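My plan is to start with the whole chain and then work down to single residues.

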Amino acid sequence: MSQNLIKPATIFTAKPPPICYFLFFIILCILGFYALHFPPRIPQNAALYRQMFLSSGDNYTLYSYLRALTQHPHLAGTKPSLDTANYVKTHFQTLGLETHVVPFKALLSYPLHASVALHFRNGTELKLPLNEVGISGYAVSGLVQPYHAYSPSGSAHAKVVFVNYGREEDYRALAVRGVDVNGCIVIARKGDDLGRGAVVEIAEAKGALAVLIYAEGDRSRGGFGTGVERGTVMRGVGDPQSPGWPGIEDGEKLGLQESEVLSRFPRIPSLPLPFETAQIILESLGGGLMPQEWRDSGQSRFSGVGPGPVMLNFTYQGEKKLATIYNVFAVIRGSEEPDRYVLLGNHRDAWTYGAVDPNSGTSALLDIARRYALLMRKGWNPRRTIVLCSWDAEEFGMIGSTEWVEQNLINLGAKAVAYLNVDCAVQGPGFFVGATPQLDNLIFEVTKKIKDPDSEGATVYEKWTTINGVKNVNPCKI
């Protein structure tokens, strides 16, 4: 099913970044290429095509893709997000690839208003900043204000308790010190691999009235204290109004007040905070001293955990509404096993500009498509069918990909061979990868063929194993 969309935004060009920034693009390209297993009857052609594939890229092309995709914030369900869908669609069509756009209707969540203020014993009030430093107005910039998607609207006026990462063990440590969060607002720092949704869920179970979450960041990277991490607090994945079936146009939807839908959302409001704002709250806390290990692992300038004595007034108002989201696909039919699918993909939507997550990955996907089209013009065809996937509304809870899988579940279960995904293709130094164990040897083989840009004479594999000490392929969480 195809959809006519708006023309893509103009591409601006500039001097590309250094080659090392695009190392992972190369790795992803090779992984996708190797996953197809060229027909064994013409090994000499396979080697020729492989070399052509690897040598046909340049930084300028990748940079132009990234620049076009990140000119504007493109939150799912908005017009700028639709523009990026059109850009990807037009790119695939220009290459002569079989292209499809598959829309779905999904329940998304947006903020309307938020405020946080400290109330002191002497009757004074301090309203706290909730925005990133340097953003004068979110409406003018097109940015969405910091929020947690699917947080319920609500207000709380209560004392504050610091709960470290918000884990069960953190609450046990507080209980040992006689601290009870029931009836309080809790503030937590993000970390320890505990998702924000789980932090809110645990706090809700402990009787907290609301949750504030901040990220400590990294002082060495210059942006410390200035950013705010948006995210979702919905439980589970996919459209909450069509659990287990695709949210197609005019399809069945559960009502917002049905128990199966309500169970997907927290019952207490939450909000992300800038680091410096969190510090103002934390420095106001009295009560007992925090555990020594909390102090040793943090970057904050305080020692009390609360509750209080200062009161905090917190208000959040948001809205949930149906929006159309768009998945975009390019299909390259296999010559020998057309009914076996190798899928390469990543999501396209972003909370803000998405330069790293996800559009460094989207740029890689677009360049893979360009290289495949070049090979096809030279007579190449893959052994199996390749499906290039550009997902929408992932940030809200993997909605675009989940709806499409639900629509094609039987077909994919019988015919899909492998799925390769990259959202953050470029994110600082080092090489990081996660995979199911079946792909470990493939990853080792590929990284042995790529020169490390920062170590003359060494491969990515050699640098990787030197830094880690062992071959460290993180298992995928399925």
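My entries below go from the overall chain to a few local spots.

**Ground rules.** This is a predicted model, where local features need pLDDT of at least 70 and side-chain atom pairs count only at pLDDT 80 or more, while totals for chains, interfaces and linings use all residues. Residues are numbered from 1 along each chain as its sequence is written, and side-chain values use heavy atoms, with hydrogens and water left out.

**Whole chain.** I looked up the secondary structure and got 15 helices and 14 strands in the protein chain. Both are DSSP runs numbered from the N terminus: helices are H or I with at least four residues, strands are E with at least two.

Next I checked burial, and 52% of the 478 residues in the protein chain are buried. Buried means under 20% relative accessible area, exposed over 50%, and partly exposed in between (1.4 Å probe, protein chains only). The protein chain exposes about 21700 Å², and carbon and sulfur atoms supply 53% of that. Those areas come from the Shrake-Rupley method with a 1.4 Å probe; for residues, only the protein chains shown count as cover.

Then contacts, meaning heavy atoms within 4.5 Å. Of the contacts in the protein chain with a separation of 6 or more, 80% are between residues 24 or more positions apart.

**Helix 4 and helix 11.** At what angle do helix 4 and helix 11 pack? I found about 15 degrees between helix 4 (residues 79-94) and helix 11 (residues 359-377), with the axes 10 Å apart. Axes are lines fitted to C-alpha atoms, for helices over the stretch in contact, and angles run from 0 to 180 degrees between N-to-C directions. So helix 4 is roughly parallel to helix 11; under 35 degrees counts as roughly parallel, over 145 as roughly antiparallel, 65 to 115 as roughly perpendicular and the rest as oblique.

I noted who makes the contact: Tyr87, Val88, His91 and Phe92 from helix 4, and Thr362, Leu366, Ala369 and Arg370 from helix 11. They divide into 5 nonpolar, 2 polar and 1 charged. Here Ala, Val, Leu, Ile, Met, Phe, Trp, Tyr, Cys and Pro count as nonpolar, Asp, Glu, Lys and Arg as charged, and the others, Gly among them, as polar.

**Helix 9.** In helix 9 (residues 275-283), I listed Phe275, Thr277, Ala278, Gln279, Ile281 and Leu282 as buried. The buried residues of helix 9 pack against several strands, including strand 1 (98-119) and strand 9 (311-332).

**Alanine 203.** Is alanine 203 buried or exposed? Alanine 203 sits in helix 7 (residues 196-205) and is buried, at a relative accessible area of 0%. Leaving out residues up to four places away in sequence, alanine 203 touches Tyr171, Val186, Ala208, Val211 and Ile268. I also checked glycine 166: it is 37 residues from alanine 203 in sequence, and 7.2 Å away C-alpha to C-alpha.

Most residues other than glycine have a negative phi, and most peptide bonds are trans. I went looking for exceptions.

- Glycine 308 and proline 309 are joined by a cis peptide bond, with omega about 10 degrees; proline 309 is in the loop between helix 10 (292-297) and strand 9.
- Aspartate 357 and proline 358 are also joined by a cis peptide bond, with omega about 15 degrees.
- Tyrosine 150 has a positive phi, near 75 degrees, and is buried at 0% relative accessible area.
- Alanine 393 has a positive phi of about 55 degrees and lies in the loop between strand 11 (384-391) and helix 12 (399-407).
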